[in-house]
Amino acid sequence: MGDPRLNRTHLETAGRPFRDSGFWKTVPKRVHLGSLFMLCLLIFLPAAGAAKSVTDQLGRQVRVPDRPLRIVSMAPSITEILYALGLSDRLVGATRFSDYPAAADALPKIGSYVRLDVEKIVALRPDLCIAVKDGNPLSVVRKLESVDIPVYAVDPRNLEAVMDTLVELGRLLDVNERAGAIVADMADRIRRVQRHLSDVTHRPAVFFQIGIAPIVSVGTRTFIHELIVMAGGKNLTRGKTPYPRFSKEQVIDMRPEVMIITSMARRTVFEQVKAEWQQWPELPAVKNDRIYLVDSNVLDRPTPRLIDGLEMLAGLIHPDRFKAPGAGAQP
């Protein structure tokens with residue numbers, strides 16, 4: 001990921017004449033080859049044009065070009081948002097698990113969002129990187145800023161903050177109209193769900209399982225908890241711990257009426273897990289055949305697809321109020 005002495009090396013060499021041998025004398029003998037590679041790339045970075053000073057969601061002042069044309073996304077959620085905003089032509093790099101929409105698979109990859117490759121990012125010559133507070137290492141942000149690559153950070157913690165982030169990025173990237181239309185559609189769909197559930201008197205007890213071994217669920221400070229509540233359910237594992245663990249006996253004691261399971265392996269693992277729970281017919285969710293597999297990406301990524309997740313959960317928790325459980329769910 002490059003040498004931590006990058007910034008010092010750059011400062012030591014800045015402003016000195018590039019004589020035949022003088023330049024190489026200014027480079028410390030111990031310098032890492034990756035750092036030297038990054039230093040040389042600075043020569044080819046596009047010259048900064050008109051820029052504006054903006055405040056990101058962490059309260060940091062960031063100098064951003066008036067119209068960034070080469071953007072690197074530092075998280076799958078950011079990639080998804082930029083595609084939703086119609087900015088795929090400006091995306092030049094994304095993280096490894098940026099898999100939605102399908103076209104994002106073709107983008108040059110810069111590592112995972114927690115293990116970013118600084119040299120690959122610099123080689124893409126971005127004029128803006130967009131980061132997330134949770135996951136992206138601060139050390140990477142500092143290295144990028146040390147070579148004059150601006151990093152704008154967002155921190156969407158709930159559904160309302162996701163909508164605010166869309167508006168902010170729309171303003172930052174000059175696609176206000178598109179961002180406004182997406183947020184308006186999200187708000188309309190939220191109100192539609194609320195209308196269908198406005199007079200519910202019973203909130204079914206929901207156990208949401210995101211881990212198979214061990215059994216892991218969701219606490220209060222998660223997107224999934226918020227969506228369960230908005231969808232008219234009661235989260236059995238609400239509490240301060242974001243992702244609490246449980247034994248099978250503890251889950252049985254909770255007597256969930258609805259069990260929702262996410263799995264990257266899909267059908268194979270789901271059938272196995274469902275069969276294990278069906279050994280306990282006294283569970284209301286088993287007795288009433290209300291165990292479901294869902295697509296985790298529409299529930300835990302802070303993107304416009306959270307509304308798809310809300311509609312899906314509402315259909316699973318209150319099937320009498322909705323015609324279908326929504327895309328991404330399997331009975």
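**Close-up views of a predicted model**

**View 1. Four strands form an open sheet in the order β4-β3-β7-β8, with parallel pairing.** The edge strands are β4 (91–93) and β8 (151–154), each of which pairs on one side only. Neighbouring strands of this sheet are turned by 35 degrees against each other on average, direction ignored. Strand β3 (residues 71–73) and strand β7 (residues 128–132) run parallel and are joined by three bridges. Ser-73 has Ile-130 as its bridge partner in β7. Strands pair here if DSSP finds at least two bridges between them. Helices (H or I, at least four residues) and strands (E, at least two) are DSSP runs, numbered from the N terminus. Axes are lines fitted to C-alpha atoms, for helices over the stretch in contact, and angles run from 0 to 180 degrees between N-to-C directions.

This is a predicted model, in which local features need pLDDT of at least 70 and side-chain atom pairs count only at pLDDT 80 or more, while totals for chains, interfaces and linings use all residues. Residues are numbered from 1 along each chain as its sequence is written, and side-chain values use heavy atoms, with hydrogens and water left out.

**View 2. The protein chain as a whole has 14 helices and 15 strands.** Of its 331 residues, 51% count as buried. Buried means under 20% relative accessible area, exposed over 50%, and partly exposed in between (1.4 Å probe, protein chains only). Among contacts with a separation of 6 or more, 62% come from residues 24 or more positions apart. A contact means heavy atoms within 4.5 Å.

**View 3. Strand β13 (residues 258–262) is largely enclosed by the rest of the structure, because five of its five residues are buried.** Val-258, Ile-260 and Thr-262 cover one side, and Met-259 and Ile-261 the other; all are buried. Strand β9 (residues 205–209) runs parallel to β13, joined to it by four bridges. Phe-208 stands opposite Ile-260 of β13. Four bridges also join β13 to strand β14 (residues 291–294), again in parallel. Met-259 has Ile-291 as its bridge partner in β14. Arg-255 lies in the loop between α10 (248–254) and β13. Its phi is near 55 degrees, a positive value in a residue other than glycine. With a relative accessible area of 43%, Arg-255 is partly exposed.

**View 4. Strands β1 (residues 51–55) and β2 (residues 61–65) pair in the antiparallel sense over five bridges.** Ser-53 stands opposite Arg-63 in β2. The hairpin has five residues between the strands, and there Gly-59 takes a positive phi near 80 degrees.

**View 5. Helix α9 (residues 223–230) holds His-225.** His-225 counts as buried because its relative accessibility is 12%. Not counting residues up to four places away in sequence, His-225 touches Val-218, Gly-219, Thr-220, Asn-235 and Arg-238. Lys-240 is found in the loop between β11 (234–235) and β12 (245–246). At 81% relative accessibility, Lys-240 counts as exposed. Lys-240 and Gly-219 are 21 residues apart in sequence, yet 6.2 Å apart in space, C-alpha to C-alpha.

**View 6. Helices α9 and α14 (residues 306–317) pack at an angle of about 50 degrees, with their axes 9 Å apart.** That makes α9 oblique to α14. Angles under 35 degrees count as roughly parallel, over 145 as roughly antiparallel, 65 to 115 as roughly perpendicular and the rest as oblique. The crossing of α9 past α14 is right-handed. A crossing is left-handed if the near helix is turned anticlockwise from the far one by less than a right angle, and right-handed if clockwise. Phe-223, Leu-227, Ile-228 and Met-230 of α9 meet Leu-306, Leu-310, Leu-313 and Ile-317 of α14. By class, this contact of α9 with α14 has eight nonpolar, no polar and no charged residues. Nonpolar covers Ala, Val, Leu, Ile, Met, Phe, Trp, Tyr, Cys and Pro; charged covers Asp, Glu, Lys and Arg; the others, Gly among them, are polar.

**View 7. The peptide bond from Tyr-100 to Pro-101 is cis, with omega near -5 degrees.** Pro-101 is found in the loop between β4 and β5 (111–112).

**View 8. Asp-174 has a positive phi of about 60 degrees although it is not a glycine.** Asp-174 sits in the loop between α7 (159–172) and α8 (176–196). With a relative accessible area of 52%, Asp-174 is exposed.
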